[in-house]
Amino acid sequence: MNALFAPGFFTNGIVHSALIVGAVVAVVAAIVGTFTVLRAQSFAGHALGEVGATGGSAAILAGTNPLWGFIGIAVVAAAAIELLGVRQPRSRDLATGLVLGAGLGLAALFLYLGATSQSTTGASITVLFGSLFVVSMQMVPSIVALSIVALAIVLVCYRWLLLTSLNPDLAAARGVSLRLVSALYLLALAIAVSLSAETIGAVLSTALLVGPPAAALRLTKRPTAALVVAAGIGVLATWLGILLAYDSYTWPPSGRGWPVSFFIVVFVFCFYLLAQLHGRKLTRG
Amino acid sequence: MSAHVLEEQETPVLWLHNVSADLAGRRVLDDVTFAVQPGEFTALIGTNGAGKTTLLRVILGLQPTSSGIVELAGERRGRRSVGYVPQKVLLDPDMPLRARDVVALGMDGHRLGIPLSPRAGRLRRDRVEAALASVDAIDFADARVGTLSGGEQQRVLIAHALIGEPELLLLDEPLANLDLRSQHEVVALLARVAEERRVAVVMSAHDMNPLLPVMHRIVYLAGGRAVSGTTDEVVRSEVLSALYGHHVDVLRVHGRILVVAGGEDEPVRPDGEEPGSVESGIVSVP
């Protein structure tokens, strides 16, 4: 038992809150992310995560939790993408790329200022690679509330999202406003990406967002099943990551543990590979 | 063919009166007028760029008109009852939707929330099952829709459009990219729908020949202008020559109709509008 679960895994308060927060965020990321994949907006999701680094680093400079920075900047960036991006996918990608570049430049400045003036050297790590083990309990209600907002948007617009993913013209012909769906969805995406950035970091947030859904879409052919399987894979990858990260405090080189984000991302990628192999076997019959 | 006589006394399901529309400053539809009666099969014929897709989008309300009136009988009674099958839908093979899910979205895809109530769920399943049966799609009802053949996807999309029990079914080039056998199946299916359910079918195509046995009315589009009537009224040399603005011949060969551009000395329209593909003298092969 101890070989798998290092001593104290089940009694450690930090591990408890990491397991809970990690699971909540994994579920939100998977459910919102399923439609990110179907709507082919992975790049937008990635850009929102990286731009979030700007807000996260600014929030740390200002002395508040990076989550508020992530959220604030991601919502602004989502609005900018929506307003700049008209309807052609190419100009949409271009708008996204431009917003991304500007945001990362600011992030570099804020992180530099933080590191030089306030000696918050840990800030770069926290912002870019997450802080699942140091999410304070005070943040839990906010994380849960934001999760509910993002999930509510996806569940309320569920059929609109399916219909627009299937074919935008079909949805428009049924009187569904493509503009409204797109704006609401980007809001949910901004929230999901920010939560993901808070736990596994701005740079890696996309992995949790699109990895589990991409795996789930290889395994199921029903929309509700895809959401459930994606959420399951996300939670499993997160929990396994936390388990190994906790174990890693006894590992070389320093005995100070490996980053939890690393393990989560590796597990997500492994699940995707397994699903891909399984899916290929299925299509071969 | 026209055993089904045009019932002029009935209220038309769809009525376009002097409709014009512009796209990016270019006139795409120019003073188009025609009406469609319940249960009538109407073919919208024209080459690429003749304005077929724009005309369908105008009817759906997705494209604003510059002038003219579009009247839908259902809309007048406060009920939106138009089914639509868009052009060249290439469904993503990764889309986690079975054929039956796509059909169900035709019933309630515009609603909010997730369908959960078990009783409504049973009714929903029965209706979806019936819609799938009506297009002979039961065999692949549980297959991922993106993995189906073009003809099968087309049938699923027709069921999607029909499950809301529309009075009018619009289809944009449903025969494009289909092999001859699937074309024949889709046309037979649409004719049956028009006949049995009294649904007015309006479908666009660049070739009228597969539709000749089933269509009651033709709307022939060229350069944004249209003439409509029965095939015999419209597909005649003098009518189409006037529409194209230069001489065309209508040839009937082995039950097929070919529309062929006239000789070299014939005047081309002053605005330089190409009357379809003029290579080898054939203006489309409708």
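Trainee: Does F262(A) count as buried, partly exposed or exposed?

Mentor: Please bear in mind that this is a predicted model. The relative accessibility of F262(A) is 39%. Buried requires under 20% and exposed over 50%, so F262(A) counts as partly exposed.

Trainee: Which residues do ring pairs link into a cluster with F262(A)?

Mentor: The search of the whole structure finds 5 aromatic pairs over all chains. In one of them, the rings of F262(A) and F263(A) have centres 5.1 Å apart and planes at 65°, so this pair is edge-to-face. F263(A) is buried, at a relative accessible area of 5%. The cluster joins F262(A) with W258(A) and F263(A).

Trainee: How many residues apart in sequence are the parts that F35(A) and Y158(A) tie together?

Mentor: The ring centres of F35(A) and Y158(A) lie 6.3 Å apart with planes at 85°, so the pair is edge-to-face. F35(A) counts as buried at 2% relative accessibility, and Y158(A) counts as buried at 4%. F35(A) belongs to helix α1 of chain A and Y158(A) to helix α7 of chain A, so the parts tied together are separated in sequence by 123 residues.

Trainee: Are α3(A) and α9(A) roughly parallel or roughly antiparallel?

Mentor: Their axes are 9 Å apart and form an angle of about 150°. An angle over 145 degrees meets the criterion, so α3(A) and α9(A) are roughly antiparallel.

Trainee: How many nonpolar residues does the contact of α3(A) with α9(A) contain?

Mentor: Among the contact residues are F70(A) and I71(A) in α3(A), and L186(A) and L187(A) in α9(A). Beside 2 polar and 3 charged residues, the nonpolar ones number 15.

Methods: Residues numbered from 1 in each chain as written. Chains lettered and ligands numbered in written order. Predicted model: local features only at pLDDT ≥ 70, side-chain atom pairs only at ≥ 80, totals over all residues. Heavy atoms only, no water. Phe/Tyr/Trp six-rings, centres within 6.5 Å; stacked < 30°, edge-to-face > 60°. Helix = DSSP H or I, 4+ residues; strand = E, 2+ residues; numbered from the N terminus. Buried < 20%, exposed > 50% of the residue type's maximum accessible area, 1.4 Å probe, protein only. Axes fitted to C-alpha atoms, helices over the stretch in contact; angles between N-to-C directions. Parallel < 35°, antiparallel > 145°, perpendicular 65-115°, else oblique. Contact = heavy atoms within 4.5 Å. Nonpolar A, V, L, I, M, F, W, Y, C, P; charged D, E, K, R; others polar.
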